[in-house]
Amino acid sequence: MPSVNDWLGLSGARVLVAGAGGIGSACIKEFVAAGASVLAVDRDDSRLAALGPGAATERLDLTTTEGCDDAVAAAQDRLGGLDVLVHSIGVNHRVPILETADEDWNRILEINLTSAFRLGRAAGRVMVEAGFGRQIYCSSVSSILAHPDHGPYAASKGGINQLVRVMAREWASRGVTVNAIAPGYVETELTRTHLDRPGVREHYTSMVPAGRLGTVNDLTGPVLYLASRQAAFVTGHVLYVDGGRTLV
Ligand SMILES: NC(=O)c1ccc[n+]([C@@H]2O[C@H](COP(=O)([O-])OP(=O)(O)OC[C@H]3O[C@@H](n4cnc5c(N)ncnc54)[C@H](O)[C@@H]3O)[C@@H](O)[C@H]2O)c1
């Protein structure tokens with residue numbers, strides 16, 4: 001009976017994970033456990049330091065073209081190539097549209113969406129040339145649900161869905177698949193302050209048919225599957241990992 005790791009075929013895969021926060025760090029742990037070589041990139045040293053041994057790290061700001069190009073170059077240099085890209089950086093700022101400043105719109109779009117374009121483009125060049133690659137992006141249920149106070153965040157995640165579809169189509173004949181996972185609410189640094197407000201956690205939980213919020217461990221299986229050899233014919237998908245939140 002083959003082990004799960006044999007089935008995934010990720011042993012020796014060279015994986016770049018952008019964002020070592022709650023979701024990114026959980027994925028890094030599982031990629032390392034599956035035998036992959038991992039480079040973790042984040043702008044925050046403390047996030048990288050918290051990873052412990054197992055993954056190589058590089059502190060880079062991914063809001064610039066140089067930062068994204070450097071991340072891919074570092075993966076090639078330190079891992080010997082690049083097979084898998086996971087984009088797991090993102091920020092939110094919960095205010096109504098009428099109170100959203102230009103700077104907040106620009107900052108959120110730049111971090112959530114433009115970095116995905118720039119990093120995907122840099123990784124795509126390497127993967128298309130190699131004739132193989134897997135790219136996985138973190139979308140959100142906000143990409144299709146109209147949560148109030150989520151204007152720029154929702155726009156950035158809707159943009160991710162379409163970016164994924166176009167990249168998937170352009171690169172499908174070159175052995176490169178591009179997909180997204182779209183989590184519902186998961187407790188991480190991104191959401192904790194909001195969820196800790198009186199009644200908020202209970203309110204969001206009540207809207208999930210599965211009866212609970214997600215955990216980072218709910219997301220690692222879907223990400224590793226999309227990165228695996230089993231998902232070779234799966235491309236251009238947004239996989240909602242939300243306990244049924246988008247059904248209601
Ligand atoms: N947590 C949730 O409920 C949830 C739900 C849906 C989607 N997502 C998405 O999943 C992804 C990961 O979210 P998370 O919950 O792990 O958040 P997180 O805040 O725990 O991690 C995000 C990481 O991105 C890094 N980062 C931010 N800007 C950066 C930049 N310019 N350059 C390099 N690194 C940068 C941060 O330092 C942080 O480590 C995001 O795209 C988020 O929108 C999260």
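## Overall fold

Of the chain's 248 residues, 52% count as buried, where buried means under 20% relative accessible area, exposed over 50% and partly exposed in between (1.4 Å probe, protein chains only). This is a predicted model: local features need pLDDT of at least 70, side-chain atom pairs count only at pLDDT 80 or more, and totals for chains, interfaces and linings use all residues. Residues are numbered from 1 along each chain as its sequence is written, and side-chain values use heavy atoms, with hydrogens and water left out.

The chain has nine helices and seven strands. Helices (H or I, at least four residues) and strands (E, at least two) are DSSP runs, numbered from the N terminus. The chain's radius of gyration is 17 Å, close to the 18 Å that the globule rule gives for 248 residues, so the chain is as compact as a globular protein of that length. That radius is taken over C-alpha atoms, and the rule is 2.2 Å times the number of residues to the power 0.38. The C-alpha trace spans about 45 × 45 × 35 Å along its principal axes.

Contact means heavy atoms within 4.5 Å. Among contacts between residues at least 6 apart in sequence, 69% join residues at least 24 apart.

## Nonpolar cores

A nonpolar core is a set of buried Ala, Val, Leu, Ile, Met, Phe, Trp, Tyr and Cys residues joined through side-chain atoms within 4.5 Å. The largest one has 39 residues. Those with the most contacts inside it include Leu-16, Val-72 and Leu-119. Strand 1 (14-18), strand 2 (37-42), helix 4 (65-79), helix 5 (102-130), helix 6 (151-171) and strand 6 (176-183) each give two or more residues to this core. Helix 5 supplies its largest share, eleven residues.

What does Val-72 touch, leaving aside its neighbours within four places in sequence? Val-72 is in contact with Leu-16, Leu-82, Leu-119, Ala-122, Ala-123 and Val-126. Apart from this core lies another, of 31 residues, among them Ala-40, Val-84, Val-86 and Val-234.

## Ligand site

The ligand is surrounded by 29 residues, each with a heavy atom within 4 Å of it. The closest are Asp-42, Arg-47, Tyr-153, Val-186 and Thr-188. The table gives polar contacts, which are pairs of N or O atoms within 3.5 Å; within protein, one must be able to donate a hydrogen and the other to accept it, and residues adjacent in sequence count only if both atoms are side-chain atoms.

| Residue and atom | Ligand atom | Distance |
|---|---|---|
| Arg-47, side-chain N or O | oxygen | 2.8 Å |
| Leu-62, polar backbone atom | nitrogen | 3.0 Å |
| Thr-188, polar side-chain atom | oxygen | 2.6 Å |

The protein covers 96% of the 830 Å² of accessible area that the ligand has on its own. Such areas come from the Shrake-Rupley method with a 1.4 Å probe; for residues, only the protein chains shown count as cover.

## Two buried residues

Thr-220 is found in helix 9 (residues 217-227). Thr-220 is buried, at 8% relative accessible area. Its side chain reaches the backbone oxygen of Asn-217 at 3.3 Å. Not counting residues up to four places away in sequence, Thr-220 touches Ala-26, Cys-27 and Glu-30.

His-150 sits in the loop between strand 5 and helix 6. His-150 counts as buried at 4% relative accessibility. Beyond its neighbours within four places in sequence, the contacts of His-150 include Asn-92, Arg-94 and Tyr-185.
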